[in-house]
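Dear colleague,

I am handing over the structure we spoke about, and below it you will find my notes on what turned up in it. Please read them with the structure open beside you.

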Amino acid sequence: MTVTTTASRTRARVAIAALLVLALIECVCAARAYRPGATADDWAALAAALDQLPAGEPVLLAQPWLGPRARMEAPRLRGWDSVAPPDLHGARRFHVVGLARARWGPALADDSMDMPDATYAGEERFGGLRLHHYARPQAGATLEDWVGDASTRLEVSDEQGRCRGAGGRWTCKQGALALDTLEIAYRPRRCLAARLDDGARLRVRLQGATLGDELRGHLGFADFNARLRSDAPALLTIAIDGAAAARFVFTDSQGWAGFTLATEPGLHDVELELVTTLSGTWSADRYAGKRDHVPCLELRALDHGAPSEARP
């Protein structure tokens, strides 16, 4: 009995010691994992460096979860080209902020999917933060952006006449169009959101658009719940100088669906026609036509000539 009791006590002491060692290891690992990765001085130095970068060169994040803190500390990261970029076409140079060793991520890969790898041009260190520089001359230059500066020149109409409004918000007889930032395919995107009646035809015209060698855009459907209750497609037609140049059909299953169209450089009138088949949603017992199924699109004119030939 005495031998058995002594052995039991020994095993108990060993088990307790092992638990204490394990707890100590967990404490050390937790302290390393959750220690502050960057100080206030690091953020201030990074913000100052970002302010020195040329305008028009996007600054993105290697880790999207860093966004709220990064945008609070660095005003340059609050721009739409950082918060909700369409993709990385049109960005011949761009920059990536990362914590510790992170310098790339899945979102950046998605936005570069059909382009050659970017050339890595080095990094700057600010304590625990890194600012990485990239170049990709093949990306081309953006000449016109329908959700950027060109949005102030857009003319919007439906089948019943011209829509009222300007500067990013138009009211039509058959619905409305608004420049907005919406969640599409689980990421924020800056786009023209169309809330229309079933079967409505919306036309968006830009006269005297400066075109390069390509029109490039995306269309996707916003609102997760609405997408669960409708899979109705949308039809997009692009006309240049009054002649139909391309026609695309989009469904929600395509996510943030990209499209391209080769163009002749110069000044041209460009018109988009968006047709929504059904803009409402279904419930268990009925169809509700409340304009909840919202297609949202963006369009840019790109030029892939030599950088010196591109318009700033």
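To begin with the cysteines, Cys 163 and Cys 172 are joined by a disulfide, with 2.0 Å from S to S. Please keep in mind throughout that this is a predicted model, and that the values quoted here are computed from it. The link of Cys 163 and Cys 172 is right-handed, with 110° about the S-S bond, and both Cys 163 and Cys 172 are buried.

How many disulfides does a search of the whole structure find? There are 2, and the other one is formed by Cys 191 and Cys 296, whose sulfur atoms lie 2.0 Å apart. The torsion about the S-S bond of Cys 191 and Cys 296 is about 100°, and therefore this disulfide is right-handed. The pair ties together distant parts of the chain, since Cys 191 belongs to strand 11 and Cys 296 to strand 20 (residues 294-303), 105 residues apart. Cys 191 has a relative accessible area of 0% and therefore counts as buried, the cut-off being under 20%; Cys 296, also with a relative accessible area of 0%, is buried as well. With bonded cysteines counted along the chain, the disulfides follow the pattern 1-2, 3-4.

The phi of Ala 185 is near 55°, a positive value in a residue other than glycine. Tyr 186 sits in the loop between strand 10 and strand 11 too, and its phi is near 70°, again positive in a residue other than glycine. Are these two residues buried or exposed? Ala 185 is partly exposed, because its relative accessible area is 32%, between the limits of 20% and 50%, whereas Tyr 186 is exposed, because its relative accessible area of 63% is over 50%.

A further residue to look at is Arg 136, in the loop between strand 4 (129-135) and strand 5 (141-145). Arg 136 is buried and yet has no salt bridge, the nearest side chain of opposite charge being that of Asp 117, 5.8 Å away.

Among contacts with a separation of 6 or more, 71% are between residues 24 or more positions apart. The protein chain exposes about 16200 Å², of which carbon and sulfur atoms supply 56%.

How values were computed:
Residues numbered from 1 in each chain as written. Predicted model: local features only at pLDDT ≥ 70, side-chain atom pairs only at ≥ 80, totals over all residues. Heavy atoms only, no water. Contact = heavy atoms within 4.5 Å. Areas by Shrake-Rupley, 256 points an atom, 1.4 Å probe, with all protein chains shown as cover. Buried < 20%, exposed > 50% of the residue type's maximum accessible area, 1.4 Å probe, protein only. Helix = DSSP H or I, 4+ residues; strand = E, 2+ residues; numbered from the N terminus. Lys, Arg positive; Asp, Glu negative; His and termini not counted. Salt bridge = Lys/Arg side-chain N within 4 Å of Asp/Glu carboxyl O. Disulfide = S-S within 2.5 Å.
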